[in-house]
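Subject: Structure handover and notes

Dear colleague,

I am passing on the structure below, together with some notes on what was found in it. Please read them with the coordinates open.

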Amino acid sequence: MKLTEKKRIVVKVGTSTLTHDTGKTNIARMAKLVSVLADLKNAGHQVVLVSSGAVGIGAGKLGMRERPDHTSGLQACAAVGQCELMFLYDKLFSEYGVVVSQLLFTGYTLNHPEEKAHLVDTFNQLLEYDALPIVNENDSVSVEELLHGDNDCLSATVAQLIGADLLILLSDIDGLYDRDPRRDPDAKLIETVPVIDAHILSLAGDKGSELATGGMVTKLNAAVIATSAGCEMVIANGSKPDLLYDIAQGKPVGTRFLKRKV
């Protein structure tokens, strides 16, 4: 994939990329991410951003030292944080002349054909208008993502809905390893996954493992959704947004899951 080729790219950014350890917004990293996404748009790509971070940023803005441990508290933080997120995105993207839009929806929308069709129409119209859709689950009224932390699969579903060519998951990990890198310093990064088979799925670890807690299970589930829809997917570390340029050009960054051949 070359930057000169117009592609539909979905980028999912995790909370760890958008915030400091204190829970406060990582403004410098967020600003860099925005500048790269705006530049990819300038290169001719259509870009959709799936952004986590509402709960974490909301908790930080409310002065909380940690996330609430009850659903209503999480939903309240999401309501506060979503406003802050969109304010920051709108402010940062406007510096590059990029118009942003917000799309919040729930599993209900995806499970009802008419609602789903309207959502797809909205995505396509926004992209035709050259706007940049910013997507999240509506956490203030839905608890699925709050309880299961599955914005990875949400982003894959978005990629499937709009016929995206590439899905990029930015997180606090470099990609998929052959062993748990948090336990084994000799673990090696898997650069390319041609087929998602039982062995690859097993690398996510059991539910109780540290790796699974880090979200690899949901990332592999997202890879299954994306690649089955004819969309390549890459897992990469979000600490350096400049890597998006190399990923868009097909260079070896993180772990790339090849789309399934029909």
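Which residues in H8 are buried? In this model, which is predicted, the buried residues in H8 are Asn151, Asp152, Cys153, Leu154, Ser155, Ala156, Thr157, Val158, Ala159, Leu161 and Ile162. Because 11 of the 12 residues of H8 are buried, this helix is largely enclosed by the rest of the structure. Its length also agrees with expectation: at 1.5 Å a residue, the 12 residues of helix H8 (residues 151-162) should span 16 Å, and the end C-alpha atoms are 16 Å apart. Just after H8 comes Gly163, which takes a positive phi of about 65 degrees.

Once its neighbours within four places in sequence are left aside, Val48 is in contact with Ile9, Val10, Val11, Phe123, Leu127, Pro133, Val135, Val158 and Ile162. Val48 and Ser155 are 107 residues apart in sequence, while their C-alpha atoms are 9.3 Å apart in space.

Turning to the sheet, it is open and is formed by eight strands in the order E3-E4-E2-E1-E5-E7-E8-E6, with mixed pairing. Its edge strands are strand E3 (100-105) and strand E6 (192-193), each of which pairs on one side only. Strand E2 (residues 46-51) pairs with strand E4 (residues 132-137) in the parallel sense, over two bridges, and Leu49 stands opposite Ile134 in E4. Helix H2 (residues 27-42) packs on the sheet, where it touches strand E1 (8-13), E2, E4 and strand E5 (166-171), and the direction of H2 makes about 155 degrees with that of E2. Helix H11 (residues 216-228) also packs on the sheet, touching E5, strand E7 (232-237) and strand E8 (255-257), and its direction makes about 155 degrees with that of E7.

Strand E7 deserves a separate paragraph. It is mostly covered, with six of its six residues buried; Glu232, Val234 and Ala236 point one way from the strand, whereas Met233, Ile235 and Asn237 point the other way. E5 and E7 run parallel and are joined by six bridges, and the bridge partner of Leu167 in E7 is Met233. E7 and E8, by contrast, run antiparallel and are joined by three bridges, with Val234 standing opposite Arg256 in E8.

The last item is a helix pair. Helix H3 (residues 54-61) and helix H4 (residues 71-94) pack at an angle of about 90 degrees, with their axes 6 Å apart. That angle falls in the range of 65 to 115 degrees, which means that H3 counts as roughly perpendicular to H4. On the side of H3 the contact is made by Ala54, Val55, Ile57, Gly58, Ala59 and Lys61, and on the side of H4 by Leu74, Cys77, Ala78, Val80, Gly81, Gln82, Glu84 and Leu85. Sorted by class, this contact of H3 with H4 has nine nonpolar, three polar and two charged residues.

With best regards

Note on methods
Residues numbered from 1 in each chain as written. Predicted model: local features only at pLDDT ≥ 70, side-chain atom pairs only at ≥ 80, totals over all residues. Heavy atoms only, no water. Pairing = 2+ DSSP bridges. Helix = DSSP H or I, 4+ residues; strand = E, 2+ residues; numbered from the N terminus. Contact = heavy atoms within 4.5 Å. Axes fitted to C-alpha atoms, helices over the stretch in contact; angles between N-to-C directions. Parallel < 35°, antiparallel > 145°, perpendicular 65-115°, else oblique. Nonpolar A, V, L, I, M, F, W, Y, C, P; charged D, E, K, R; others polar. Expected span 1.5 Å × (residues − 1). Buried < 20%, exposed > 50% of the residue type's maximum accessible area, 1.4 Å probe, protein only.
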